[in-house]
Each structure stands twice: as C-alpha cells, then as structure tokens.
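I opened the model to go through its fold and one residue. My notes follow.

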Amino acid sequence: MSHDQAPYLELLARGAAAEAYDRPVLLARASGAGPEALAALEHAKQLALRVRAELEGRRRREAELSALFETAHDLAGLRDLDAVLRAIVQRARSLLGTEVAYLSLNDPVAGDTYMRVTEGSVSARFQQVRLGMGEGLGGLVAQTARPYVTDSYFDDARFEHTRSIDAAVSDEGLVAILGVPLMLGSQVIGVLFAADRRARVFEREQVALLASFAAHAAVAIDTANLLGETRSALAELERANAIIQDHSGVLERASEVHDRLTELVLRGGGVHDVAAALSEVLDGTVEFTESPPEAGSADGHAGRHGEDWIAEVSAGGEVFGALVLRGHPDLDPVDQRTLERAAMVTSLLLLARRSAHDAEQRVRGELLDDLLDAPDRDPVLLRERAARLRADLDAPHVVLAARLDGPGTDPGTRDVASRETARGGSARDSAARETADRQRLWSAASHLAATRSGLAASRDGGTVLLLPLGPGDTPAELARQAARQLGGTLRESVTVGASSPVASPAATPGPIAGAYEQARRCLDALRLLGRSGQGAAAQDLGFLGLLLADPGDIEGYVHRTIGAVADYDRRRGTDLVGTLAAYFASGMSPARTKDDLHVHVNTVAQRLDRIGRLLGADWQSPARSLEIQLALRLHAMSALAPD
C-alpha cells in the first residue's frame with residue numbers, strides 16, 4: 001500500500017462523508033507537496049470515491065432487499081394490520097430518504113380517499129385531510145391507477161388544486177411528492193406516498209421501490225379483509241350449529257393452509273412446495289402450470305374449468321401461470337378463497353426468486369462492463385467481486401460475441417422488415433420486438449454464463465460472454481457449444497464469434513476490450529459468409545481469420561499452416577519450405593521447380609511427396625494452396641525482419 005492511499009483507506013474504513021475525501025489533498029497542498037504527490041493523491045481520491053460509491057450502492061440494494069423480505073415476513077405472520085402498514089410506511093420513508101411518508105385508502109361509500117397512516121407528519125390538518133377522486137396528486141393517482149410524481153407540487157398544473165388540499169399540503173410544508181397506487185387486481189384501494197419539504201427528483205428505481213411496498217401494503221389490507229371475512233363467518237356459524245358442522249372442516253383447512261404457507265415463505269420454499277401443501281390440505285391434486293387453460297379471472301379470483309378449479313398466478317399484470325385444483329367440482333367458497341390465497345403466495349415467491357436472479361445477473365453484467373470499459377480497475381477488487389459470483393478471473397478466458405439471427409438483426413432481412421412495416425406494421429412494434437429479442441438473448445446468455453462460472457452482459461445490440469477456458473477446450477469449441485445451447489434455449493438461430501484466449505482477466509484486464517472486438521469481427525464474418533447460427537473462432541476461418549485476429553497472431557497462423565514442414569526442416573536439416581516456395585513460384589510445375597533448385601526432377605517429386613504427407617492430401621487444393629502461399633510469404637518476411 002502506497003503512502004498516498006493510506007488516508008483514503010482510513011476514510012473508507014470509518015465510512016466518512018464524501019466531503020472528507022478532499023482533506024488529504026488540501027493538507028498536502030498546504031504543506032507544500034509537489035505536483036507528482038498531489039496528482040497521486042488526487043488519483044487515489046478518485047479511486048476511493050468510486051469504491052465508496054460502489055459500497056454505498058451495495059448497501060442501499062441490500063437495505064432495499066432486506067426491507068422487502070422483512071415486509072414479507074410481517075405479512076406471513078399478520079396479526080395487526082395497523083402495525084404492518086406503519087412498518088411499510090416507515091421503511092418506505094427510510095429507504096427513499098424522504099422527510100414524510102403516508103398512506104391513504106379509498107372510501108367507496110363517501111366516494112373519496114382518506115389518510116390512513118402517516119410517518120414524519122407534524123400537521124394535524126394534514127393527517128385528517130380527505131381528497132375527492134381526481135383532486136390533488138393523490139386523488140389523481142387513485143382515479144387513474146398510475147404513479148404520479150412532482151418535484152414542486154404548487155407549481156404543477158397537472159393536478160386539480162383545491163383550497164382544503166393545498167392548505168393541508170402547505171401546512172405540512174411539502175414540496176416534492178411521489179404517489180403510487182395500492183392495487184388489488186384491477187381495483188385501486190388507496191395510495192402510498194413519499195414526500196419532501198424541498199424540491200427533489202425521484203429516480204425510476206425509487207418509484208419502483210415504492211411500488212413494491214405498495215404491493216405489500218395491498219396484500220396486507222386484503223389479507224386483513226380476508227381475516228375479517230373469516231371472523232364474520234365464524235360469528236354466523238356460532239348462531240347455526242348445523243352450519244358450524246358443515247364448515248368446521250373447511251375452516252380448519254384454511255387455518256392449516258395459512259400456517260403451512262407461512263412456514264413455506266419463512267423457509268424459502270418453492271411453488272411446487274405450495275402445490276404439495278395445498279394438495280394435502282384440500283384433499284385433492286394441485287399442480288402449478290405455466291400454460292393454464294383459459295379460466296379464472298384477471299382480478300385474482302379462482303374460476304371453474306370443467307371439473308377443475310383454476311387460480312391465476314400473476315403480479316403487476318404479468319401472468320406466471322396458475323394453480324389447478326383437480327377433483328373438486330363443488331368447491332366450498334372458503335376453500336376457493338384458500339386456493340386464491342395460495343396463488344398470491346406463489347406469485348410472491350416467484351417474484352422474490354426472479355428479483356434475486358435478476359440482481360445476480362445484473363451484478364455479473366456490471367463486472368463484465370467494467371472489464372471492457374475500465375481496464376485500470378484494481379485487480380484486488382476485481383478478484384473480490386468475481387469471487388462473490390463464483391468466477392475465477394485468474395484462469396484463462398475467452399470472449400464470445402453472440403447475436404440472435406432474427407428479423408432486423410441481419411442486413412439481408414432488413415428489406416423484409418421494411419416491407420412488413422409498409423404493409424401496416426409499425427416501426428415502434430419492430431423496435432419493441434428487437435428489444436424483446438435482445439432481452440431474451442441476454443437472459444439465456446446470463447443463465448449459460450452462471451452455469452459455466454462466467455460473466456455475461458448486453459452490448460451493441462447483442463450479448464458478450466466471458467467464459468473460462470477449461471483443460472482441452474478451444475475458443476472455437478466454446479463458440480460452437482454456446483451457439484448450440486443458446487439456439488436450443490431460444491429455439492432460434494444464434495451466431496457466436498470467439499476471441500483468442502485471454503490469460504488472466506483479473507491481472508491484466510486491458511486485453512478484454514480488444515478480445516471483444518476480435519470476437520465481434522469473427523461474428524460479422526460468419527454472418528457475411530452465410531454461416532449464421534454457427535459458432536467459430538478466427539483460427540477456423542483460415543487467412544480470413546488472420547485478418548480478423550490480433551496482428552500479434554501472425555506467428556500462430558504460420559505455425560498452424562506450414563508448421564509441420566518447418567519443424568521437419570529444423571529436425572532433419574532439410575529445406576522443404578524452400579522447395580515449397582519454389583514450387584508455387586514456378587506455377588506448381590515440377591519441371592520448372594527442378595531448374596530453379598538445380599536438382600533432379602525425381603528429387604523434387606520425392607520432396608513434394610514428403611510435403612504432402614506432412615500437410616495432408618488436400619494441400620494443393622485451391623483453398624489450401626492459397627493459405628499455404630500466404631503463410632510462406634509471412635514466414636519469409638519474418639525471417640528477413642531484423643532481430
């Protein structure tokens with residue numbers, strides 16, 4: 001560790017504020033340090049600030065995930081709705097760093113929305129305010145079921161300002177406000193807000209985070225309503241003994257399902273665990289399917305389909321599949337509700353798993369982006385980041401460039417796409433399809449990289465992979481395997497170009513960018529040669545591969561092409577390379593070759609026969625002879641080059 005890095009390591013260790021990182025430079029300047037020392041300190045400061053920003057980002061993401069899991073834990077053990085809603089509002093305020101957070105609920109009887117929970121509020125008027133549908137920012141969110149954000153509420157003309165609402169907001173001193181809807185199916189039941197008493201811009205990630213908390217709040221409210229319905233049913237059952245006997249088994253099953261599902265959530269169970277638990281409790285066969293028949297409704301209610309019951313598993317308008325209960329055509333309403341609750345728990349488990357998977361893939365992509373774009377990264381930090389992803393960046397790796405060969409991705413298909421657009425297709429739809437195709441390719445490549453302890457990132461309209469080169473592997477074989485696996489996963493043609501091996505990406509990340517460019521050139525060459533859907537490395541393409549590869553690989557090309565002949569000459573003291581050059585120089589005529597070499601024609605024939613055994617029977621074919629002549633020229637030029 002150099003002297004100029006020590007103060008910044010100490011600042012990082014104690015989590016100092018960003019302003020404190022200027023102090024070592026100021027102290028050095030005040031003490032009369034020279035330009036080189038000041039420049040070194042400034043460089044160390046910038047590195048430390050980048051590390052600090054990376055650590056802050058990780059801490060923030062960990063805090064967000066922790067808060068979401070804690071909220072899910074609260075829902076699993078829901079006993080007090082007010083306590084759960086207060087916890088959601090408090091966590092939203094803390095993670096978004098706002099001064100105030102609050103939650104309002106719709107009153108269907110009064111036709112307006114009222115304040116339910118506040119955190120950080122100091123105004124009694126604000127805490128008791130009611131908004132008509134469409135009034136203010138909250139009323140507009142409740143009416144349109146869309147998030148709205150303003151960095152200066154009183155200067156924003158999009159909202160219907162009323163005297164009572166503006167007075168309450170002014171009394172609280174709020175300026176910047178973000179509101180997201182609380183949704184149950186397609187119905188808005190309220191709004192979750194985060195607000196500041198100063199102007200600020202809410203980022204897209206913050207809007208998404210608040211929307212996640214709003215989804216949890218809606219589940220909590222719905223679950224509480226379900227518990228209220230259950231208590232009402234119990235009260236009615238107490239007044240009718242016959243009804244109690246008919247429904248006691250149903251209620252026991254509902255309670256058992258609640259306990260089983262709670263346990264599954266807490267121990268990280270999967271969707272098939274939910275189906276198995278529900279099968280036991282409902283005394284039937286419950287299956288999760290990703291391709292359900294058209295039954296059930298989009299608002300979260302279960303529906304009957306023949307002899308079966310189907311509950312759609314969905315979240316945020318995206319359908320993941322369905323839970324199918326077989327063998328119960330006459331399902332009790334409470335059991336029906338139990339099936340619907342299980343479908344909601346299943347959607348939460350799938351969302352949590354997807355979030356964790358997407359987060360890991362984004363981290364893999366960020367590390368590969370840094371290797372490509374910032375080759376001066378600290379090798380120690382690169383190794384630490386790679387170790388957390390179970391990747392060994394000290395081993396030899398190969399860079400692969402992959403592209404999906406769908407409409408719009410190949411020059412030969414652009415005219416077809418243009419004609420489709422002219423026949424009524426939309427350029428916007430075409431762009432959306434290309435974006436979706438790139439996302440599908442990135443997802444498949446990320447999965448492949450994770451299984452191979454490598455990295456993957458979306459780049460230049462395609463995907464780039466960094467995969468380790470195992471014993472006996474070659475870049476060409478890795479490219480062919482990747483093309484087959486990605487094409488099989490996507491059920492479409494995928495072309496893959498490979499670079500030459502990179503010895504140690506962690507120790508010397510600089511060559512990674514050049515290797516990526518080499519892989520891209522190889523990919524473009526494959527597609528121009530009509531070999532779309534295949535995988536190859538530059539060395540597979542003969543002298544064309546030499547043009548695509550790093551110029552430093554000339555010696556490798558010569559060795560692959562005529563190395564067997566040159567090695568024979570070194571071992572035996574012969575000059576078969578010279579004979580080969582004279583043979584081609586004479587127009588492949590043995591008679592003229594013997595005159596140029598001043599030997600008997602039989603000697604030429606014997607030498608050519610030896611060359612044929614060394615190079616293979618097809619060495620005089622047009623394609624092979626062209627490559628051999630190019631290798632002879634390069635070999636001669638390297639022999640004439642000064643040491």
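**Chain overview**

I counted 22 helices and 15 strands in the chain, taking helices (H or I, at least four residues) and strands (E, at least two) as DSSP runs numbered from the N terminus. The model is predicted: local features need pLDDT of at least 70, side-chain atom pairs count only at pLDDT 80 or more, and totals for chains, interfaces and linings use all residues. Residues are numbered from 1 along each chain as its sequence is written, and side-chain values use heavy atoms, with hydrogens and water left out.

I looked up burial: 42% of the 643 residues are buried, meaning under 20% relative accessible area with a 1.4 Å probe, protein chains only. The accessible surface is about 32800 Å², and carbon and sulfur atoms hold 52% of that; the areas come from the Shrake-Rupley method with a 1.4 Å probe.

**Sheet**

I traced an open, antiparallel sheet of 6 strands in the order S3-S2-S1-S6-S5-S4. Strands S3 (130-132) and S4 (148-150) are at the edges with a single partner strand each, so one side of each has no neighbour in the sheet. On average, neighbouring strands of this sheet are turned by 25° against each other, direction ignored; axes are lines fitted to C-alpha atoms.

I then checked S1 (residues 100-107) against S6 (residues 187-196): they pair antiparallel over 6 bridges, where pairing requires at least two DSSP bridges. Ser 104 stands opposite Val 191 in S6.

**Leu 209**

I found Leu 209 in helix H8 (residues 204-238). Leu 209 counts as buried because its relative accessibility is 6%. Leu 95 lies 114 residues from Leu 209 in sequence, with 8.7 Å between their C-alpha atoms.

Methods: Buried means under 20% relative accessible area, exposed over 50%, partly exposed in between (1.4 Å probe, protein chains only). Axes are lines fitted to C-alpha atoms, for helices over the stretch in contact, and angles run from 0 to 180 degrees between N-to-C directions.
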